[in-house]
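The entries follow the order in which I asked my questions.

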Amino acid sequence: MKKIVFGLCLATVAIAGSAFINEKKSITESYLVQPATGSFIRLATAPGACMSSSGLNCKYAVTAFGRLYIPAQSTYTNANIEEYLGDEWIEEIPNVGPGTYYTP
């Protein structure tokens, strides 16, 4: 009986440990910006301006839910941005239009 209980305890610890290892890291930054057409990156602040071009806006604000659910990646595609807009994980910033982001 002791071996069964001990085995169940070990199985529980193994399952709980793997849950922490497999957890996806989410972002902590406040903005997703487009430094080049079709590619977005994360930034803590986005004080720069936008160069006008067609396509998606040059920067988006990340919502509280976005910080929980957007995976930490080095870059994001237009499809990612459109998905995050639909999920309300990011939001458009007033007076920011389509273009690429640059810092002066």
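**Entry 1: contacts and overall make-up**

I began with contacts (heavy atoms within 4.5 Å), and I noted that, among those in the protein chain between residues at least 6 apart in sequence, 72% join residues at least 24 apart. I must remember that this is a predicted model, in which local features need pLDDT of at least 70 and side-chain atom pairs count only at pLDDT 80 or more, while totals for chains, interfaces and linings use all residues. Residues are numbered from 1 along each chain as its sequence is written, and side-chain values use heavy atoms, with hydrogens and water left out.

Next I looked up the elements, which are DSSP runs numbered from the N terminus (helices are H or I with at least four residues, strands are E with at least two). The protein chain has 3 helices and 6 strands, and from the N terminus on they run α-β-β-β-β-α-α-β-β.

I then checked burial, where buried means under 20% relative accessible area, exposed over 50%, and partly exposed in between (1.4 Å probe, protein chains only). Of the 104 residues in the protein chain, 27% are buried.

**Entry 2: the sheet**

I found an open sheet of 4 strands in the order β2-β1-β4-β5, with antiparallel pairing; two strands count as paired if DSSP finds at least two bridges between them. Its edge strands are β2 (39-43) and β5 (90-92), each of which pairs on one side only. From one strand to the next, the twist averages 35°.

Helix α3 (residues 78-86) lies across β1, β2, β4 (59-62) and β5, and it runs at about 90° to β5. For such angles, axes are lines fitted to C-alpha atoms, for helices over the stretch in contact, and the angles run from 0 to 180 degrees between N-to-C directions.

**Entry 3: the cores**

I searched for nonpolar cores, meaning sets of buried Ala, Val, Leu, Ile, Met, Phe, Trp, Tyr and Cys residues joined through side-chain atoms within 4.5 Å. The largest has 12 residues, among them Ile27, Leu32, Phe40, Tyr60 and Trp89, and β4 and α3 each supply at least two residues of this core. A second, separate core of 5 residues includes Val33, Ala46, Cys58 and Tyr101.

I also listed what Ile27 touches: not counting residues up to four places away in sequence, its partners include Arg42, Val62, Ile70 and Tyr76.

**Entry 4: the disulfide**

How many disulfides does a search of the whole structure find? I counted 1, taking a disulfide as a pair of cysteine sulfur atoms within 2.5 Å. Cys50 and Cys58 form it, with their sulfur atoms 1.6 Å apart. Cys50 counts as partly exposed because its relative accessibility is 29%, whereas Cys58 is buried, with a relative accessible area of 0%.

**Entry 5: two residues side by side in my notes**

Is Phe65 buried or exposed? Phe65 sits in helix α2 (residues 64-69) and counts as exposed because its relative accessibility is 53%. I noted too that Phe65 and Glu88 are 23 residues apart in sequence and 7.8 Å apart in space, C-alpha to C-alpha.

Thr63 lies in the loop between β4 and α2, and it is buried because its relative accessible area is 14%. Leaving aside neighbours within four places in sequence, Thr63 is in contact with Glu88, Trp89, Ile90 and Glu91.
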